[in-house]
There are 2 protein chains.
Amino acid sequence: MLIRAFVPAHITAFFVPVFHYEPLKAGSLGAGVNLSKGTNVFASIETGALERHIHVAFNGEPVRKNEAKITYHVAEKLVPEDFLGEVEIWQYFDFPNGYGFGNSAGGAFGTALTLSYAFGGTLLRAAHIAHEAEVIHRGGLGDVIAQLAGGIEVRVKAGGPGVGVVDNLFFEGYKVLVVPLGRLSTREVLDGDVVKAIEREGKVALETLLKDPRPERMMVLARAFAERTGLLGGELLELARQLDKNLSNPSSMIMLGRGLFALAREKEIESVRNLLDELELPYDVVEIYTDRPKVGRWMG
Amino acid sequence: MLIRAFVPAHITAFFVPVFHYEPLKAGSLGAGVNLSKGTNVFASIETGALERHIHVAFNGEPVRKNEAKITYHVAEKLVPEDFLGEVEIWQYFDFPNGYGFGNSAGGAFGTALTLSYAFGGTLLRAAHIAHEAEVIHRGGLGDVIAQLAGGIEVRVKAGGPGVGVVDNLFFEGYKVLVVPLGRLSTREVLDGDVVKAIEREGKVALETLLKDPRPERMMVLARAFAERTGLLGGELLELARQLDKNLSNPSSMIMLGRGLFALAREKEIESVRNLLDELELPYDVVEIYTDRPKVGRWMG
């Protein structure tokens with residue numbers, strides 16, 4: 001049996017981390033956007049072996065247990081203990097790992113969806129397990145609940161799925177430009193001194209957005225958050241300013257990755273493409289994903 | 001400006017009403033299914049008049065304020081008091097009103113979505129206002145939050161949007177057969193003696209479903225709920241039994257309407273069609289709607 005799940009990539013625009021010893025009460029406040037590209041997970045389940053085996057591969061390459069702690073956490077919870085057979089979990093990421101696209105949560109949630117579909121479960125229970133794995137192994141705090149919500153999302157109450165509350169902004173005619181330039185460790189940032197500034201600026205951004213809940217306002221607040229926390233500076237800030245000359249809304253930094261994103265109108269895309277081609281930088285233009293994550297039997 | 005929203009029809013399979021004087025804490029527990037047909041709402045907004053006018057029409061026919069209390073409640077909240085112009089709200093229902101398809105919530109939610117899109121707001125705030133209008137004017141308790149969730153939904157914690165919690169069941173290859181035969185007043189049922197039986201049987205059904213959360217189990221529990229509460233009996237029960245001969249899962253009663261519904265596999269549909277054609281009964285076969293309600297500018 002082959003099951004496939006799709007979980008959108010999720011970019012955080014600004015956030016406030018909320019730590020809690022109970023994983024379902026840990027989470028984040030903030031806002032972000034879900035993309036039409038993301039993580040595809042294929043679970044192949046074959047019975048009839050003498051033991052219970054679980055294998056994981058990222059982008060076609062098998063990975064060891066300690067390189068895929070989050071996925072193994074999810075699989076261990078969802079593959080029944082008395083299952084005798086081979087479970088292979090193939091995760092394919094449209095964006096590079098560690099660049100701030102929520103791949104870790106996408107892999108966890110996609111794995112939870114495929115295995116729940118195969119062995120029994122529900123959407124919310126799958127999301128619970130993925131969120132818990134993310135929090136415990138510190139992959140992220142708010143990606144799973146944001147991916148469950150879809151669209152341009154605002155986390156208005158922190159917590160895991162079924163505990164936190166996520167709202168959605170209305171939007172019209174936007175695509176998302178992404179410029180992924182490198183990695184930034186969520187774990188290192190959240191362990192650093194910058195957390196105080198993130199908490200302060202994130203709260204201001206959220207309060208302001210809730211008074212005027214529009215995507216255009218979100219981007220202005222995201223940019224202010226990125227600059228005021230000191231996360232966005234130097235060459236990346238220079239690039240953001242160059243992009244802005246071609247856009248009606250400010251670009252901002254992908255939280256947390258070395259990269260930029262922007263909401264772009266159809267007519268603005270050509271000039272941005274020309275600029276980025278000229279600078280020889282990688283980029284992509286994708287749709288905003290407004291559906292739920294998907295799971296179903298894969299017919300090939 | 002013309003804005004369009006689509007809200008899926010929602011059939012309740014079984015439920016427990018939860019009353020509360022705060023509308024956002026009122027709601028229901030239970031399970032049901034969202035359909036690919038439902039309510040389309042078009043809001044036409046023209047500025048430049050000397051007064052603030054709101055007009056409502058159901059299926060192309062203008063309705064008076066006291067015939068559309070729920071829609072007017074929503075519109076009064078969302079059209080700014082100082083707006084000078086004409087707001088026309090055109091609601092089109094794919095299923096008849098009062099037959100248990102959540103039309104009242106669909107109209108309220110669709111109206112809230114179009115007006116929020118036009119005048120400012122968010123998905124969750126629109127859902128709040130629609131839920132509140134439903135509860136206050138007693139259109140229903142759980143339809144809005146169920147329509148927000150989509151798919152085959154299980155209301156695991158009662159309350160309005162952002163307060164209640166809704167889960168989703170996984171399913172594969174089902175369409176929904178609906179046999180709408182007549183009206184049943186939600187208000188009259190909820191005011192009657194049957195409420196005690198509904199509360200008792202609804203709780204049993206929910207607890208049992210959560211232990212084995214599959215659509216097939218939901219249908220068995222829905223049927224037991226319908227029969228044990230006494231809501232399903234007589235000719236309608238006879239018809240359900242006839243349908244069952246052609247289906248792998250039991251059919252059940254639409255809560256609350258005089259009608260039946262069933263999850264049907266592709267290969268079962270022809271024999272059910274033949275039966276219903278022979279009996280000269282109205283029916284429809286629709287998809288399960290798994291997306292979010294939609295709203296956007298209408299280009300015609």
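I began with Lys175(B) and looked up its bridge partner in β10(B), which turned out to be Ala264(B); I note at the outset that this is a predicted model. I then looked at the two strands themselves, and found that β8 (residues 174–182) and β10 (residues 258–265) of chain B pair in the antiparallel sense over eight bridges.

Next I traced the sheet, which is open and has four strands in the order β9-β10-β8-β11 (chain B), with antiparallel pairing. I saw that β9 (252–253) and β11 (284–286) of chain B each have a single partner strand and stand at the edges, so one side of each is left without a neighbour in the sheet.

I checked helix α7 (residues 215–228) of chain B separately: its 14 residues reach 20 Å from the first C-alpha to the last, close to the 20 Å expected. Among its buried residues I listed Met218(B), Leu221(B) and Phe225(B), and just after the helix I found Gly230(B) with a positive phi of about 80°.

Lastly I looked up the largest nonpolar core, which has 62 residues, and in which Phe14(A) and Leu35(A) touch the most other members. Leaving aside neighbours within four places in sequence, the contacts of Phe14(A) include Leu29(A), Leu206(A) and Phe225(A). A second, separate core has 61 residues, including Val33(B) and Tyr174(B).

Notes:
Residues are numbered from 1 along each chain as its sequence is written. Chains are lettered from A and ligands numbered from 1 in the order in which they are written. This is a predicted model: local features need pLDDT of at least 70, side-chain atom pairs count only at pLDDT 80 or more; totals for chains, interfaces and linings use all residues. Side-chain values use heavy atoms; hydrogens and water are left out. Two strands pair if DSSP finds at least two bridges between them. The expected span of a helix is 1.5 Å times one less than its number of residues. Buried means under 20% relative accessible area, exposed over 50%, partly exposed in between (1.4 Å probe, protein chains only). A nonpolar core is a set of buried Ala, Val, Leu, Ile, Met, Phe, Trp, Tyr and Cys residues joined through side-chain atoms within 4.5 Å. Contact means heavy atoms within 4.5 Å.
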